[in-house]
Each structure stands twice: as structure tokens, then as C-alpha cells.
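Me: I would like to learn how to read the contacts between parts of a protein. Please take me through an example.

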Amino acid sequence: MSKYIILGVVLVGLAAAPLTGDTYLMRMATLACMYAVMAASWNLIGGLTGYPSFGTAAFFGLGAYTSGILATLGVALPVSIAAAGVVAFVVAAIIGFILLRLKGHYFAIATLACVELLREIANSATDLTGGGMGLNIPRNADLGIFAEASLFFFAMWGLLALTAVVCLVVERSKIGFALSCIRQAEGAAEMIGINSTLYKTLAFALSGVFVAMAGGVYASWVHYIEPGDVFDILLTIKPVVMALIGGVGSSVGAIVGAIVYIAAEEVIWRNYLDFSSGIIGLTVVGLVLFLPHGLGSLHLRLRGKAVTP
Amino acid sequence: MTFAFRDFRSVGWSAAVAALVAGTMVSAAQAQAKDVIKFGAPLPLTGALSPEALKAKQGFEIWMEMVNKAGGIKVGDRKMKVEIAFVDYQSNTPKAVQAAEGLITQEKVDFLFSPHGSGAAKAASNVSEKYKVPTVAATASSTQVFDQKPRYLFGTYTPNETLLAPLFPIAKRDLPSLKKVAIYTRNDLFPLALSQAVEQTAKKNGLDIVFNEKYAITALDHSSALSQLKAAAPDWIFVFGYTNDNLMIRKQMIDQRLEAPLITMLTGPSYPEFVEAAGVAGSENITGASWWDAAVRYTSEDVFGSTEGYIKAFKDKFGIVPDYGHASYTVAAVALQLAIEKAGTTDREKVRDALASLDAKTFFGPIKFNEIGQANSYDPPIFQLRDGKTVVLYPEATKQGDLRLGVK
């Protein structure tokens with residue numbers, strides 16, 4: 001039960017951000033929701049299924065460009081974001097069907113290559129994406145500072161709520177059980193009649209959908225995207241680190257991890273001008289070394305109990 | 001699991017408290033600053049663009065020191081000291097946008113400078129438009145940055161087209177057989193904009209484009225592209241990218257014995273580092289252009305008094321001759337200062353209007369903005385590298401020599 005309480009507290013807490021009227025805090029909250037979506041999505045394939053995907057940035061960029069291009073054609077925001085999700089589901093299903101035959105390091109590298117591939121496509125399809133010149137996304141009518149910040153915050157927040165519900169449903173359902181079986185012993189899972197190809201592909205496709213939608217919201221939020229920004233390798237790595245902080249395998253953990261990471265990053269960034277990246281790196285190394293099962297296992301560590309995943 | 005919840009809560013609280021403490025410290029620092037004009041400068045102090053950021057910081061610092069030494073900026077009948085808040089955006093554009101918003105809302109800066117380069121300036125300009133903060137972009141030369149007619153953004157670089165266009169008549173005069181042009185470009189906002197500008201100018205001048213390719217931002221091996229380029233036997237080769245790209249390509253050109261009457265590279269040759277790494281022989285007769293060179297001479301109404309005055313002040317403080325990387329940032333600050341003095345107030349809307357109608361003599365050249373906010377008031381110098389030194393070919397007023405043909 002407690003994980004539902006935590007999730008509820010987190011979602012309500014985040015939703016309180018606009019009450020402060022501080023638009024910078026709202027930007028941070030929007031970013032936290034965005035990364036929480038990505039970390040929870042990664043957890044579906046990386047945590048639950050045990051396939052270390054490094055393809056998050058590929059879906060983020062795909063979503064950003066799909067929705068961005070549609071927006072320049074005059075499509076409304078909700079439609080363009082939904083379209084980004086659909087496109088990502090199809091593309092992820094195709095990529096997943098091919099790549100999920102690989103395991104471990106091989107799978108990781110292949111998904112990493114997908115990011116590079118999509119970035120190069122975005123770079124060279126100049127007529128469609130603007131290539132290295134970037135893509136301007138038309139501003140929605142001048143809403144005013146606060147209204148605009150609220151619009152994108154609630155879009156991202158709503159997306160997070162949706163992602164959380166879907167992830168929890170998957171975790172509890174037959175699909176989640178099948179994915180756990182695949183993680184523990186894929187061969188054995190097949191022996192007891194689990195169609196591993198189907199479930200793995202489904203998990204991978206689901207892990208792409210919400211990330212792409214977050215990319216879509218992001219694109220209209222910043223009004224300008226270029227391939228280097230939305231296919232940035234950091235967008236792949238950060239969600240993994242966040243899931244590690246929260247404790248791999250739990251979507252609520254991943255969401256909490258994302259928020260803790262964004263808060264810590266902001267505090268460190270503000271206080272250390274030249275060495276912020278270094279301190280964040282050291283923090284992550286420290287966490288992985290001393291708290292390998294994430295913040296969720298903190299109470300066990302404190303009571304000196306052995307931690308089992 | 002209740003323990004987990006409590007533990008999480010305490011971690012969450014400490015993070016929140018830490019953030020709060022950091023926040024109050026910042027606002028306490030602001031409370032005592034009343035007679036100060038505060039500027040915000042998001043800079044890529046770490047990451048791929050950090051060398052540019054160091055130059056930018058020095059460019060700002062020399063200005064800040066000189067202005068404060070003179071008592072500050074004259075606002076109406078009083079003088080206000082200057083303070084610049086620097087933020088590192090880690091060479092990451094989304095972070096630059098975040099930094100811009102943070103500077104406006106948290107640091108409460110009065111005015112803003114754009115992050116480095118055209119792409120980041122464009123992305124961050126959406127924030128300054130939203131908050132209606134006058135912003136000067138020091139290094140945004142692509143007209144695309146201004147194509148949505150931003151109201152609060154002003155760029156001190158003239159459009160890319162102006163950079164190389166004057167070299168075409170000179171080249172045609174000195175090389176009457178000039179016909180075939182090759183262009184090799186980094187797939188990135190600024191180099192692509194340069195390449196488009198050259199393509200148009202070349203066609204306008206009746207030249208043929210025999211090779212026009214892009215290379216990836218991360219490309220290290222250019223050999224196959226260069227052998228194709230060589231097979232096209234161009235009279236004039238343009239290479240666009242940043243210093244490291246230019247160096248890599250130049251070395252691979254020499255390996256392939258790729259020669260041409262004219263080779264123009266941007267932006268590498270504008271920096272002393274290029275000659276240091278390519279060598280005097282490797283850089284001989286390469287042409288380039290930039291928005292400023294230490295060889296230009298202007299008298300000015302700014303705090304430096306003239307180009308010589310700027311170079312001397314800079315040399316006294318940092319021990320080196322400034323290149324255009326430094327000067328671009330100094331002039332961005334100078335333009336804002338002159339606009340504030342002209343407006344006689346720090347009211348953002350009035351300073352914005354003063355920028356829009358600015359017509360000032362600076363050490364960098366005369367600064368005046370066109371209707372979309374981009375400077376169009378000076379001729380960027382075109383130069384050729386000879387014996388490791390820059391020789392200005394254009395504009396006439398500061399010309400130091402004639403074009404020499406043949407790059408080996």
C-alpha cells in the first residue's frame with residue numbers, strides 16, 4: 001500500500017508548485033515531471049524486464065520532432081502529443097521486435113545506436129526537420145508568463161500521472177508477472193508458456209510511448225528544438241541514474257528518484273559554478289556504491305539488514 | 001514499508017530545506033543591491049564550448065572593470081555600478097534556457113545577455129521575450145535567430161551574408177578564370193547559415209557549385225569527402241565549422257595534396273590557435289573573415305575611447321591581444337550600456353526602445369540595429385593568413401594588403 005501513498009504525496013506535492021506563483025519553481029517542477037515520466041518508462045524495460053535500454057533519448061527526440069513538425073503544420077497541441085505517442089509506439093515495437101533478440105551489453109549498444117541513427121536522420125532530413133538549423137515551433141497565442149508556465153506544467157504533470165497509472169497497472173497485471181519471469185530466467189519463462197517476444201516487445205513499446213509524449217510537450221514548451229538537444233545522450237543516461245536512485249524495478253522509486261535527482265542537481269548547480277557536473281557524478285557513484293538498491297532500501301541499510309533485490 | 005516512507009520523507013525534506021536556504025541566500029544578497037545594475041550572462045563554462053566561455057567572461061570582465069573604475073553607468077543624473085551574474089549552462093542548450101529564466105526570476109537581473117552561438121541564443125530568446133527583458137546577443141549572426149521578429153533581442157553581429165560577400169568581387173578581379181566553387185560544411189546552425197549565404201552569393205556572381213556537402217558534428221575522418229572534393233577540381237574551396245574541425249580538415253587536405261587557388265575557412269583562422277596548430281606553412285594564404293579583428297581602428301564614444309584603447313586595456317589586464325571572441329562580448333555589454341545611458345533610466349521598456357534606435361560609435365565599429373534587431377552598421381573584416389599573421393584585405397579603410405592566390 002505504502003507505494004501508493006508515496007505516489008499520491010509526490011503527485012499532490014508537485015501539483016502544488018503553481019500555488020507558489022514562482023515560475024522558475026514551476027519550470028523545475030515541469031522538468032521533474034518530465035524526467036519522472038522518462039525514469040518510470042525506462043523502468044518498464046530496464047528494471048522490470050531486465051533489458052538495459054539506452055534508447056530513451058531516441059524516443060524523446062522522435063516525439064519532440066513528430067509533435068514539433070505537426071505543430072508547424074498547425075495541428076493542435078493535444079493532437080500532436082498524442083500523435084507523438086502513437087508514432088513512438090509503432091517505431092518502438094518495430095525496433096524492439098528486432099533488437100530484443102540481443103541481451104545485456106549487446107542490447108544496450110544496439111539501443112544506443114538507435115539514438116545516433118535517429119539523430120542523423122533528423123540532421124539530414126533538412127526539409128522536414130530543419131536539420132542542424134533547428135526547428136521553430138510556433139508560439140501559442142501570447143498567454144502571459146504564468147498561464148503559459150501552468151499550461152506546460154499541467155501537461156507534463158498529467159502525463160506523469162498517466163504514466164504512473166499505466167506503470168502500476170502493468171506491474172500488477174499478468175504482463176508485469178510475465179516481464180518479471182523474463183528478467184529472472186527467460187528460458188524458463190518460455191518453458192512455462194510465456195510468449196517472451198510478445199511481452200518484451202510490448203514493454204519496450206510502452207517504454208517509448210510516454211517518453212515520446214514528454215518530448216512532444218517539451219518541444220512546444222521551449223519553442224525551438226535541434227537534433228543535438230533532443231537526441232542528447234544525457235536524456236538516455238539521466239533516467240537510468242534516477243531509476244537507480246529510486247531503486248531499480250519499482251516505478252514509484254523511479255519517479256521519486258527523478259525528483260530527488262532534479263532537486264539535488266539544482267542545488268549543486270547553483271552553488272558550484274565550475275564543478276557542478278563533477279559533484280553530481282561523485283554523488284551518483286557514491287549512491288551506486290553504498291546504496292545499490294536505491295533510496296527505497298535506505299531503512300534496511302540503516303537497520304543493518306541484508307538487502308535483497 | 002512505513003519506515004521507507006518516513007525515510008524518504010526526511011530525505012525529501014532535507015532537499016527542500018537545502019533548496020530553500022540556497023534561495024534565501026540569493027535573495028538576501030539582492031536586497032542590499034540598489035545602486036547597482038545587474039546583468040545576467042549564461043555562459044557554457046563547462047563542456048564542449050568552454051573555451052568560448054572563457055573568452056566571453058574575459059570580454060565581460062574588462063568592460064565591467066573599466067565601467068566601475070569610471071564610477072559606473074550614467075543613468076540620468078547618477079552613476080550606477082555594474083554587476084554581472086554568470087551562470088554555467090554546461091554547453092547544453094536546454095540548460096541555457098533554464099539558466100536564462102533563473103537569472104530573470106531568481107537573480108532578478110535587470111538585463112540579459114544571450115548564451116553563446118545562434119542556436120542557444122534563439123532558444124533562450126523565447127524566455128526573454130516572455131519576460132520582456134532586453135537581451136543582447138553577442139554571437140548570434142544567423143538571420144534565422146531573428147526571423148520571428150523578437151522585440152527584446154538585439155544582436156551585435158551583422159548577418160552571415162555580409163561576412164564573405166565582399167570577397168567575391170576581389171576574387172573575381174584577381175582570378176579571372178574563377179568558375180568552380182566547393183563548399184564543405186559542418187551540420188550545425190551557424191556553419192550551415194554561412195554555407196547557404198555563400199551558395200547564394202556564388203550563384204549571384206555566376207559561379208558553379210561543383211561540390212556541396214555537410215559533415216557530422218562529431219566527424220573526425222574527412223578523407224573520402226575530401227577526395228570527392230578534389231576530383232571536382234574547384235578553384236575556390238570553402239570550409240565551414242569551428243576551430244577543431246577546420247584544423248582536422250586542413251591537415252587531411254595537406255595529406256591528400258589538395259590544392260586550390262583560394263581556400264577560405266571559417267571560423268578557425270580568426271583565432272591565433274589555428275595558426276599555432278596548423279603551422280605557418282599549413283595556414284599560408286588561407287582567407288577568413290570575422291566580425292572584428294585587432295587590426296581595425298575606430299574612435300568610439302564608449303568607455304574605451306577607441307579600438308587601441310580597448311586593446312591596451314585588455315592587454316594590461318589579461319596579458320594577451322583580444323581576438324574577436326573576446327571583443328564580441330565586450331561590445332554586447334557596451335551596446336547595452338550606451339542604450340541605458342541614452343534612455344536615462346533602467347526601465348526595461350525604455351531601454352529596449354533605446355536599443356532599437358541606437359546609433360553609436362564603439363571600439364568594435366558603429367552599432368545600429370535593423371528592424372529585426374540585428375546590427376547592420378559595419379563591414380566585418382576579411383583577411384588572409386601570411387607568415388602566421390593576419391593581413392586585412394577588406395574593408396578599404398583598414399586594408400593592409402592585396403589578395404594572394406595559391407594555397408598548398
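**Domains and chains in contact**

Reply: This is a predicted model. In chain B, the centres of domain 1 and domain 2, taken over C-alpha atoms, lie 29 Å apart.

Me: Which residues of chain B make up domain 1 and domain 2?

Reply: Domain 1 of chain B covers 35–158 + 295–368, and domain 2 of chain B covers 162–290 + 381–398. Each contributes to the contact: 14 residues come from domain 1 of chain B and 14 residues from domain 2 of chain B.

Me: How is the area between domain 1 and domain 2 of chain B to be read?

Reply: Buried area is what two parts lose on being put together, summed over both. For domain 1 and domain 2 of chain B it is about 1100 Å², with 62% on carbon and sulfur atoms. On the side of domain 1 of chain B, the residues losing the most area to domain 2 are B:Gln144, B:Val296 and B:Tyr324, which together account for 38% of what that side buries.

Me: How many salt bridges cross between domain 1 and domain 2 of chain B?

Reply: The test is a side-chain nitrogen of Lys or Arg within 4 Å of a carboxyl oxygen of Asp or Glu. Between these two domains of chain B the rule finds one salt bridge. B:Lys55 and B:Glu273 form a salt bridge, with 3.3 Å between their closest N and O atoms. Two residue pairs are in polar contact between domain 1 and domain 2 of chain B (both at pLDDT 80 or more).

Me: Which helices of domain 1 of chain B supply at least two residues each to the side that touches domain 2?

Reply: They are α2 (50–69), α4 (117–131) and α12 (324–343) of chain B. By class, that side of domain 1 of chain B has three nonpolar, seven polar and four charged residues.

Me: Now the two chains. How many residues of chain A and of chain B are in contact?

Reply: The contact joins 48 residues of chain A to 49 residues of chain B. About 4000 Å² is buried between chain A and chain B, and carbon and sulfur atoms give 59% of that area.

Me: How many salt bridges and polar contacts lie between chain A and chain B?

Reply: The rule finds two salt bridges across the interface of chain A and chain B. A:Glu265 and B:Lys95 meet in a salt bridge through their side chains, at 3.6 Å from N to O. Twelve residue pairs are in polar contact between chain A and chain B (both at pLDDT 80 or more).

Me: Which element gives the largest share of the side of chain A that touches chain B?

Reply: α13(A) does, with eight residues. By class, that side of chain A has 20 nonpolar, 14 polar and 14 charged residues.

Notes:
Residues are numbered from 1 along each chain as its sequence is written. Chains are lettered from A and ligands numbered from 1 in the order in which they are written. This is a predicted model: local features need pLDDT of at least 70, side-chain atom pairs count only at pLDDT 80 or more; totals for chains, interfaces and linings use all residues. Side-chain values use heavy atoms; hydrogens and water are left out. Domain bounds come from an automatic or database domain assignment. Contact means heavy atoms within 4.5 Å. Buried area is the accessible area (1.4 Å probe) that two parts lose on being put together, summed over both. A polar contact is a pair of N or O atoms within 3.5 Å; within protein, one must be able to donate a hydrogen and the other to accept it, and residues adjacent in sequence count only if both atoms are side-chain atoms. Helices (H or I, at least four residues) and strands (E, at least two) are DSSP runs, numbered from the N terminus. Ala, Val, Leu, Ile, Met, Phe, Trp, Tyr, Cys and Pro count as nonpolar, Asp, Glu, Lys and Arg as charged, and the others, Gly among them, as polar.
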